[in-house]
Amino acid sequence: MVGLQPSEVPPTTVVKFLGAGMAACFADLLTFPLDTAKVRLQIQGENPGAQSVQYRGVLGTILTMVRTEGPRSPYSGLVAGLHRQMSFASIRIGLYDSVKQFYTPKGEDHSSIAIRILAGCTTGAMAVTCAQPTDVVKVRFQAMIRLGTGGERKYRGTMDAYRTIAREEGVRGLWKGTWPNITRNAIVNCAEMVTYDIIKEKLLDSYLFTDNFPCHFVSAFGAGFCATVVASPVDVVKTRYMNAPPGRYHSPLHCMLKMVAQEGPTAFYKGFMPSFLRLGAWNVMMFVTYEQLKRALMKVQVLRESPF
């Protein structure tokens, strides 16, 4: 590291781990209403006789929620969402480069697409295994309809939700939907990380961009679009299965087949627009923030280690 400027020092694994979690939380704070709207649209039609509120489009869903449930409703489940990002994003994004290097044969300068996909699947599966309870609680809060500002809520708060689910459904209830979530996040992580990795690499190799904001923005936007297209079907099944009361679905496969039989194949792309708006915006905000945080954290670390 002698002779290198602080911004040129390669970030450590710890810096990437912390930076990814912090950047993901920042992106979640700004895009969470879009994620809540996506969940509401995805579960619409699941139980037609019980749902009195109908949602139409992204903006219409958010406005309907604010009108019928109060202005805080689009941020229902935010605390669990931040819990999720600090554990989930830190692993799947922060450890991606390290896992990719681990899989890359010694002597190779660049990782193949297969190696990158394998690294994305690995960190995605690791992240879900650790963070699944936070995702279950987040989805439950986002899907919970509370009419009027004084309406009853099943959970008094985030920690109460963890305790209630564990008490009523067993500890396994906190890991409900783990397999569809692993499938979904393996796909999303590959689409996001591999697409971002490849687009950024090609842009830098072409000398059209330097390693700065425009390069990060274009790479992140492409990653968000690819992730939405390939992950929407699995995402809808995951949301339906995780939100369902015990006994409604026997398995994720049963959930998928029942959804197709009742609503047709277009049900797999329910909530596609908020998914794309959310993932596109989330990826841009997260990756741009992540790149800047890595540089800032390394600058602080180098300056602290400097004898001057």
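This is a predicted model: local features need pLDDT of at least 70, side-chain atom pairs count only at pLDDT 80 or more; totals for chains, interfaces and linings use all residues.

Biologist: Where does Ile198 sit, and what is it in contact with?

Modeller: Ile198 is in helix α7, residues 178-205. Setting aside neighbours within four places in sequence, Ile198 is in contact with Ile113 and Arg116; contact means heavy atoms within 4.5 Å. The C-alpha atoms of Ile198 and Ser219 are separated by 8.3 Å, and the two residues are 21 apart along the chain.

Biologist: Zooming out, how many helices and strands are there?

Modeller: The protein chain has 10 helices and 0 strands. Helices (H or I, at least four residues) and strands (E, at least two) are DSSP runs, numbered from the N terminus. Of the 308 residues, 53% count as buried. Among contacts between residues at least 6 apart in sequence, 77% join residues at least 24 apart.

Biologist: How do α1 and α5 pack?

Modeller: Two packed helices are described by the angle between their axes and the distance between the axes. For α1 (residues 13-43) and α5 (residues 113-143), the angle is about 75 degrees and the axes are 9 Å apart. The axes are lines fitted to C-alpha atoms, for helices over the stretch in contact, and angles run from 0 to 180 degrees between N-to-C directions. α1 and α5 are therefore roughly perpendicular; under 35 degrees counts as roughly parallel, over 145 as roughly antiparallel, 65 to 115 as roughly perpendicular and the rest as oblique.

Biologist: Which residues meet there?

Modeller: Phe32, Asp35, Thr36, Val39, Arg40 and Ile43 in α1 meet Lys138, Val139, Gln142 and Ala143 in α5.

Biologist: And what about α5 with α6?

Modeller: Their axes come within 10 Å and cross at roughly 100 degrees, α6 being residues 158-169. That makes α5 roughly perpendicular to α6. On the α5 side, the residues in contact include Pro133, Thr134 and Phe141, and on the α6 side they include Tyr162 and Ile165.

Biologist: Let's change topic to Ser76. Is Ser76 buried or exposed?

Modeller: Ser76 counts as buried, at 9% relative accessibility. Ser76 lies in the loop between α2 (58-69) and α3 (78-92). The side chain of Ser76 reaches the backbone oxygen of Phe141 at 3.0 Å. Ser76 and Val139 are 63 residues apart in sequence, with 9.3 Å between their C-alpha atoms.

Biologist: And Arg84, what does that one touch?

Modeller: Arg84 is in helix α3 and is buried, with a relative accessible area of 7%. Not counting residues up to four places away in sequence, Arg84 touches Ala89, Ala131, Thr134, Asp135, Lys138, Arg184 and Asn185.

Biologist: Last one: what follows α9?

Modeller: Gly264 follows α9, and the phi of Gly264 is positive, near 85 degrees. The helix itself covers residues 252-263.

How values were computed: Residues are numbered from 1 along each chain as its sequence is written. Side-chain values use heavy atoms; hydrogens and water are left out. Buried means under 20% relative accessible area, exposed over 50%, partly exposed in between (1.4 Å probe, protein chains only). A polar contact is a pair of N or O atoms within 3.5 Å; within protein, one must be able to donate a hydrogen and the other to accept it, and residues adjacent in sequence count only if both atoms are side-chain atoms. The expected span of a helix is 1.5 Å times one less than its number of residues.
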